[in-house]
Amino acid sequence: MSLTVKFKVNGTERSVATDPERRLLEVLREDLQLTGTKYGCGEGQCGACLVFVDKAPARSCLLPAAAVEGKSVTTIEGLARGEALHPVQEAFLEEGAMQCGYCTSGMILAAAALLEKKPDPSDAEIAADLNGQICRCNGYLRIVSAVRRAAASLRTRHG
Ligand code: FES
Ligand code: FES
């Protein structure tokens, strides 16, 4: 059975004919060519597939496509504002907080969500919050530094 699912992706209305049980991750990567969202475990365990659905972090490998009907999805491709990278993206680059990069888009989105609710997290709070995001390259020290750097940058911008 095929259903047309209409939802916004990175600010643009999209309409996709798909099996409604197909996972959002597959729709993003295969139908919309948004390959920044990664397939890691496919079981909700690693966070590589993290996106925002109506601004809340969600694991797109678990979400049926029909669940985002009428909603607004943000992927890593939609985080920058035009040419300007999001402060968390900038901080990951500046700290070199990636090796293979497979976890990076999910990690950046998770960090952006954390800083939205907690602008000045301690290292322990960063580690606890990002606990569900797995980095197989074990780059956690640099990732925590990048989140700290992004937090400082965001606090400066917001005065
Ligand atoms: S691929 Fe979705 S949590 Fe691992
Ligand atoms: S940088 Fe390779 S999995 Fe995190």
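A pocket, found on a 1 Å grid over the protein atoms alone, is an open set of points where a 1.4 Å probe fits, with protein on both sides within 12 Å along at least five of seven lines; its lining residues have an atom within 4 Å of a point. The model is predicted, so local features need pLDDT of at least 70 and side-chain atom pairs count only at pLDDT 80 or more, while totals for chains, interfaces and linings use all residues. Residues are numbered from 1 along each chain as its sequence is written, and side-chain values use heavy atoms, with hydrogens and water left out.

**First stop: the largest pocket**

Select F52, L79, R81, H86 and E116, which lie nearest the centre of the largest pocket, among the 27 residues that line it. The lining comprises 13 nonpolar, seven polar and seven charged residues. Next, select β5 (72-74), α2 (87-95), α3 (104-117) and α5 (140-157): each contributes at least two lining residues. Helices (H or I, at least four residues) and strands (E, at least two) are DSSP runs, numbered from the N terminus.

**Second stop: strand β5**

Select S72, which belongs to strand β5. S72 is partly exposed, with a relative accessible area of 28%; partly exposed lies between buried (under 20%) and exposed (over 50%), with a 1.4 Å probe and protein chains only.

Finally, select L85, in the loop between β5 and α2. L85 is also partly exposed, because its relative accessible area is 33%.

Terms used: Chains lettered and ligands numbered in written order. Nonpolar A, V, L, I, M, F, W, Y, C, P; charged D, E, K, R; others polar.
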